[in-house]
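Take a look at the model below.

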Amino acid sequence: MIKVIEFAFRLRTIWAVFLALFVGGIMIAAAGHNPFTAYGALFHGAFIDYYGLGATLVKMSPILLAGLAVIIPLRAGLFNIGGEGQIYMGALCSTGVALYVTGLPDLAHFALVIVAGCIGGGLWALIPAILKAYRGINEVIVTILMNYVAINLVSYFVSGPMMQEGAPYPYSPEIDDHLFLSWIMPGTDVHTGIIMGLLLSFTFWFILKYSSVGIGWSTVGHNPVAAKYAGINVKRQILISMFVGGAVAGLAGTIEVIGLKYRLFHLFSPGYGYDGIVVAFLAGLNPIFLPFATLFLSGLKAGANVMQRAIGLESTIIEAIQGLVIIFTAASLALKFNKPFWERFLNRKEAPSTVKGDSKNV
Amino acid sequence: MKHQFFKGLRIAAGMAALAVPQIAIAQDDVKFAIVMPGVITDNSFNQAGYEGALAASEALGLEMAYSEKVAQPDQPEALADYARRGYNVVIGHGSEFSDSVQRVAKRNPDTSFLIVNGSEATGNISTVGYNYRHLAYGLGLIAGEMSKTGTGGFVGAQQIPFSTNLLEGYTAGFLAANPDGKVLSAWTSDWDDVAKGKEATLNLISQGADMIFPTMDNATIGSLQAMQEQGVQGFGIYYDAIEDWPDTILQSAIFDLSGAMTAVLSNIEDGKLPSKAYEFGFETPEAARFGTFHGDVSADVQDAVNAAIAGMVAGEINP
């Protein structure tokens, strides 16, 4: 029995999501719509309709990678809130290489664009890592603030030096079509970035679980002092884990450019970096569950847009529902499983006739 | 293989859905949709777009749908979804839709697309815009005549053609009235953030600007608050803003999207909008005009402005 309760408790994020959708349903009803029709439109539009599923998978690609960018540094005890900025820097560096490095063979150019994106995101994440490792400065604050720097840097470049001439809106020229990722669902925008994300999720699940690197990170994350005594170079592990996390986020930015947009846009990411935090926790910080959590959140986002178009629901309600899901999920994670309490609870129920005097021993 | 199955299913479902209404309503079954970047209650660009689309749908008897607050990455999906749902005309509200519309239009050749403030009308894409320079020139003239400090102020969000045309027209008008004056500009890089609009405007006022022309969306409200607090006057955009800001607004450049969209969408033939760059200015007052003059603007200045407008319509003045 205790095992069943513990298992149900492990699924607390899922209950939280249902609770959030229930509260959202009340709001939809208050706005004068039928919640069942609305959620029907949402789930049909997100997962069943061919093009809707396409829209979900398009959103899933960057969020999946952004989720990995949170999980990896967190293994070493670092809270990377900077995924958004790393996405922007990755996209900026890869677009730069895509536009201004010429004369390479197509395949080499493609590889260089990917590498540039990873390095861009990785170096951006390395700055807070260095500040953390050598000066003990809180990485949460530094990564958050560096997001704004990166977003505005991209805005500067695409409305200034990199702006397409005569563009009606700040964006760069189009990259060459040999760099485009190929489409995998005809008629939709789903590109091979989603496959990269799935492969990387699996790879990092393996690395974190079985390799010495992953175990080293876990040790640092759990107890840096013990890790130091065990002969692990804590500072170096902090730098490496942040760099790898940032590089994965940089890749997310890169695939947005070469897979979907083919240009660098001002404000091209609507907070995928922050969505990455949500899915990372929704997946219980396990890369193998990450694709499922990401599929769910992306579906919620894509389906919410369908819900707006299908039944004319105000965008404010849709944003509120997405916010509710995040709040409820975060709150559910704060709950800890209280094993002694449940054991006591179960024992009490099973043995109601026990005399009072025994309760001391329980 | 799977997608072909889905495709077949969709085609079958689509034909079943199409068969009935075609017999029943025939020609009148024209639908259009508008996709907007901001909320429809911003008292500015998005609200003007929504109300314009609503007015056009009522005037022409067309079915209308809208999506508000569609972020840049969601644009292609929103546009393509309306095209697939059988909307004849899909409107991208704002020049930031240019690239998405071009991509979606290629894949949906039977749907007509319309970009508000777009720059290129080709294939199945049309654009609708205004002669921003002309209207801003008129406001600049008033500012140049009325300014005590000889310094005008312009607040924009981003340096895109819409904003730079307004700035150039406003500056040309200001200098035509006051050749020794100057116009300062500030850019908020945000269309909706009220605090940024206010801050940028306070900055211009502290540099001596006393005639401000804010041109953002929701952020314009912040500018007007700053102007009201500092006792500085200026100009409204999109609607006759003197209704809401009776002390602050001297005149407004009204971009009446109701008139413009009705005029554009009345061109729909057989469910298609002929590709064209539709432009409106003072010569089409149902779509672009001035509002009410503030009592502080003297009759002489009003006459000079009206003469300049007549000159622009006649093609004698080309700011």
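**Two domains in chain B**

In this predicted model, the centres of domain 1 of chain B and domain 2 of chain B are 32 Å apart, taken over C-alpha atoms. Domain 1 covers 2-131 + 256-280, and domain 2 covers 132-255 + 288-313. These bounds come from an automatic or database domain assignment. The two domains touch: 15 residues from domain 1 of chain B and 18 residues from domain 2 of chain B take part. Contact here means that the C-beta atoms of two residues, placed from the backbone, lie within 7 Å.

Which helix gives the largest share of the domain 1 side? Helix α2 (residues 45-60) of chain B does, with three residues. Helices (H or I, at least four residues) and strands (E, at least two) are DSSP runs, numbered from the N terminus. By class, the domain 1 side that touches domain 2 has five nonpolar, eight polar and two charged residues. Ala, Val, Leu, Ile, Met, Phe, Trp, Tyr, Cys and Pro count as nonpolar; Asp, Glu, Lys and Arg count as charged; the others, Gly among them, are polar.

Now follow α2(B) to a helix partner. Two packed helices are described by the angle between their axes and the distance between the axes. α2(B) packs with helix α9 (residues 257-265) of chain B at an angle of about 45°, with axes 7 Å apart. The axes are lines fitted to C-alpha atoms over the stretch in contact, and angles run from 0 to 180 degrees between N-to-C directions. α2(B) is therefore oblique to α9(B). Angles under 35 degrees count as roughly parallel, over 145 as roughly antiparallel, 65 to 115 as roughly perpendicular and the rest as oblique. In α2(B), the residues that meet α9(B) include B:A48, B:G52 and B:A56. In α9(B), B:L257, B:M261 and B:L265 are among those that meet α2(B). This contact has ten nonpolar, four polar and one charged residues.

**Where chain B meets chain A**

29 residues of chain B are in contact with 21 residues of chain A. α3(B) gives the most to the chain B side, with five residues. That side divides into nine nonpolar, eleven polar and nine charged residues.

**Confidence and numbering**

The model scores ipTM 0.70 and pTM 0.78. Over residues 1-27 of chain B the pLDDT is below 50.

Residues are numbered from 1 along each chain as its sequence is written, while chains are lettered from A and ligands numbered from 1 in the order in which they are written. Local features need pLDDT of at least 70, side-chain atom pairs count only at pLDDT 80 or more, and totals for chains, interfaces and linings use all residues.

Key
pLDDT = per-residue confidence, 0-100.
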